[in-house]
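Colleague: Could you walk me through this one slowly? I am still learning how to read these pictures.

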Amino acid sequence: MIRSAAPVAAGFAIAVLLQLAAGSVVGPFAVKLLMDIGINVVLAVSLNLVNGFTGQFSIGHAGFMAVGGYVAGCITYYGSFLLWGGASVRPGLLSGGTLLFLGACLVGSLVASGAGFLVGLPSLRLRGDYLAIVTLGFGEILRVMLQRTGDVLTDPASVKGAAATTLATSLGGSLGFSGLPYYTNLLWVYVFVTVTLVVALRLKFSSYGRAFLSIRENEIAAEAVGVNTTRLKVRAFVLAAAFAGLAGGLFAHEVGVSLNPRELGFQKSFDIVIMVVLGGMGSVSGAVLAAIVLTLLPEALRSFSEFRMPIYALALILMMILRPQGLLGLREVWELPWLRRRSAGGGTETA
Amino acid sequence: MTARTPSGRATQIAAVCLLAAGLTGCGGGGGASAGAGKGGGTILIGHYGSMTGSEATFGQSTDNGVRLAIKEVNAAGGINGRTVDLKTYDDQGKSQEAGTAVTRLITDDKVVAVLGEVASSLSLAGGRVAQQYGVPMISPSSTNPAVTQIGDMIFRVCFLDPYQGWVEAKFARDSLKAQKAAILYDQAQAYSKGLAQYFKEAFVKLGGTITTEQAYTGGDQDFSAQLTTIRQTAPDVILVPGYYTDAGNIAIQVRKLGLTAPMLGGDGWDSSQLAAIGGSAIEGSYFSNHYSIQDTRPEVQNFVTKYKADYGRTPDGLAALGYDAARLLFDAMKRSASLDGKMLAAAIASTKDFPGVTGKITIDENRDARKSAVIVQVKSGIPTYVTTIDPQ
Amino acid sequence: MTKFLQTLMDGVAVGSLYALIALGYTMVYGILQFINFAHSDVFVLGAWLSYTLAVAFGYAAAGAHPPLAAGLLILVGAMAACGLAGFTIERLAYRPLRRAPRLNVLITAIGVSLLLQNVGQLKWFFGTQPQRMPSLIDDKILAVVAGVQIHLVDLAGAGTALLLMLVLDWLIFRTRMGRAMRAVSHDTAVAALMGINVDAVVSFTFVLGSSLAAAAGFLYAMKYPGLNQPAHATWVLLGLKAFVAAVIGGIGNVRGAMLGGVLIGFIELFGAAYLSPHLRDIYVFSILILVLLLRPSGILGKAVAEKV
């Protein structure tokens, strides 16, 4: 059933429903939280492709998010100026503005996947630990480069007169890239969430996915049975980077967000890593659940914000010692034994 | 999650219920004061600042100043009989949190006005939300010009960096008689980059020359490479337009390298930790600031006395600005026919010669404040008043 | 000439600190084959503990003239405390995972690192404000060579670092314990068969590495008295650069770590002085990428083929 169109349709239907109804039911702040959840789901599920499926250790995921976000933001912002003389939102489901936004997100995703290729190809040939350091270094280099970009141009005349390279390097520097039109809404977030989930699940339960998991279990044995480990690792990495870039594009156009290089670094990468680890590396629904919980928890515990990091860190250590498979391990929510026993005779197909 | 089996569907429904419960919990939690905004009852205002993180003193000082102002106005009968209440959110020094905090203040807690932030990048993030929802926001200390350019709901009560850069250049040329200046700025902070840029323009215009511009990244400990280069150019004054956290370290190394030229900084130096870290190295250096505690004006002395009584230490520039921002807001509220966003914004915009601790504040057509800056010198660890420089 | 000499001096000073930290990384990697991400946080702990001890002894007051012995006492105290910390971390967080997949240990290491950083920032510990390390050595200018001032503090720092490295070298290559360490890093299973207590060796390695990191922290605080708050990004970056030093020298190779440390110090400072100070972090990471691509085993390391 996972290969049918039903899940995709269901996902899109939920997205439409949320967009139409959520605002009036729960209020604008909760809507923003829902969008945050959706974006974090995409980030966690995509990192799961690398950390969970192939067992590699990437801690620079936020770097790809930054690449996608900045590229998408740059296109939407300066594109809006060039086309319509200003960066305000042009409402409407498929208005010019929305199409520009969607196109920008896709381009951002593409560029992020290119970055993923550039980073992944050399480093995935080496021992696993080195990938961690290289991804960390990549995140740092990216941060430094972004902080050196020029001021954001704010009047139409200077935008029209500027060369393309100037526009590409006027990303706000350390002040951040603010002023992006708020195109992200529940509909687009959850459409992309659906796409991510369907891709991840279909991948997992395919021969591709089996190959990924074999690399994770025992790389040498996988190589011995003919799995081209390097090529597959790079593919997983590039795909993950593409989705992270997409999430970055959505993030950049969200209400109240201003892209800042300092905040898309190691700290953010770690936030995503902890979602994947707690949910269970290799479990798509685990990553989803963890993303939901870890987006809502800081908001609910606002008064204890200074304990957030120590608690996360402690949770991580204890998790690794006591229950390294995380909440769900490799299984999906519907594969849990206690659920299976419940549906007597119903049968759970897993492929 | 896709529901492919009855049990899977059950789990999905359970998850959605959990989610909904969580959201309504979050949504309803702050709603206790909903409806108290515009009609009768308490007036709720919001403040977002960095209470934790590397610049924690910024947010804490500002919050103290705001709270003092609220205490005073409530003791004097409130605003048209209504008491004022404050909701403060910590943004941890991150712009994403700033945006979330302001969104929550406006949509969840339903504040009528927002105060914040100190760091310009955070004011930009929060300001866009305030502008979107039509709620006036006053920044106590963001000096980057881009902040008030967001829209007609965003104001500030401090001077701008272009003005501050000019003030420093004027002081360097006129009082320090400096002909050559070297700059060491923080490339990771837009504030520092901007201030360096504005100083350079003004200094050159006043006839001076910039010998070299070197950069560091905030938090760096080793400045030997940059300072060695600076030393070779033999400047008369060294501009260090960064935060206090780095200024102290830089001062130590400047003196260690044998550079005797005086150092000059901006309002980012204003913190009790500056002298604690810089020690004897920072003695005698100058910086531009919003006010000085030695100012003999009664407003200043009253404020210093009251602040000391409540918080046990002398107020820094940020506390004074927080105090002024809140009082200016209350003044506007009293003058405004209603607390509706647009009307309140109009009342704030028409503020003229408001007697603030940090000087007479007039809000100009760009929603910025026209006021003077002071130059202080670090003497025995205490910023001591040197001179005031008025705008041209 | 002045600039060159000054940069050279600073390069040696900073490089020797990187070397001290890199030693800890390389020893643990040699024995357990994993990157101890929490190592740089032990370095930070050492720096902040030195500060706390100095303040506790009353040296932060203006006009305090601590005797020379005070500095040594604080150094030893910090080293001992961090050695204990390293021992505890290994015992509680890493030993249970000795047989677990590598990924798990890496994640745990990151967890420990973040725990140390963020707990250190709580108000009951070191707090979130930068503080000034009291000076324990009267800063005298010993000589001026070609316009470059040679400070007592710098010389003492570099000298202490060198001394510690010599002691370590002697320990590893001329004592029984050192032989045991080298045996375990060569082949753990066979070493155990030979009667070596692997657990004891591992613990000893951690204690050794952590005390060296603490010494580096103390020396760092002496050289750069303005201490940033424990969770500040600059500490992480420093630790990272020390790790790069270990990799460049040949990870698992003790002398390689020392060489790598000094090299990285030179690259960073000469790059900042002669190329552009804006990109100083990038130089170090670029070198890392180059080395990983061209000679992953490092300068003094041996290329080990993976036997199936």
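This is a predicted model: local features need pLDDT of at least 70, side-chain atom pairs count only at pLDDT 80 or more; totals for chains, interfaces and linings use all residues.

Colleague: How many helices and strands does chain C have?

Modeller: The secondary structure of chain C comes to eleven helices and four strands.

Colleague: And what is its radius of gyration next to that of a compact globule?

Modeller: Chain C has a radius of gyration of 19 Å, and because a compact globule with 308 residues would have a value near 19 Å, the two agree. Along the principal axes, the C-alpha atoms of the chain fill a box of roughly 60 × 45 × 35 Å.

Colleague: What share of the residues is buried?

Modeller: In chain C, 57% of the 308 residues count as buried.

Colleague: Now the helices: at what angle do α9 and α10 of chain C pack?

Modeller: Helix α9 of chain C, residues 233-250, and helix α10 of chain C, residues 254-275, pack at about 125 degrees, and their axes are 7 Å apart. The two helices α9(C) and α10(C) are therefore oblique to each other, and their crossing is right-handed.

Colleague: Which residues meet there?

Modeller: From α9(C) the contact includes C:Ala245, C:Ile248 and C:Gly249, while from α10(C) it includes C:Gly256, C:Leu259 and C:Leu263.

Colleague: And how many of the residues in that contact are nonpolar, polar or charged?

Modeller: The contact of α9(C) with α10(C) has nine nonpolar residues, five polar ones and one charged residue.

Definitions and conventions. Residues are numbered from 1 along each chain as its sequence is written. Chains are lettered from A and ligands numbered from 1 in the order in which they are written. Axes are lines fitted to C-alpha atoms, for helices over the stretch in contact, and angles run from 0 to 180 degrees between N-to-C directions. Angles under 35 degrees count as roughly parallel, over 145 as roughly antiparallel, 65 to 115 as roughly perpendicular and the rest as oblique. A crossing is left-handed if the near helix is turned anticlockwise from the far one by less than a right angle, and right-handed if clockwise. Two residues are in contact if their C-beta atoms, placed from the backbone, lie within 7 Å. Ala, Val, Leu, Ile, Met, Phe, Trp, Tyr, Cys and Pro count as nonpolar, Asp, Glu, Lys and Arg as charged, and the others, Gly among them, as polar. The radius of gyration is taken over C-alpha atoms; the globule rule is 2.2 Å times the number of residues to the power 0.38. A residue is buried if 20 or more other C-beta atoms lie within 10 Å of its own, exposed if 12 or fewer, and partly exposed in between; C-beta atoms are placed from the backbone.
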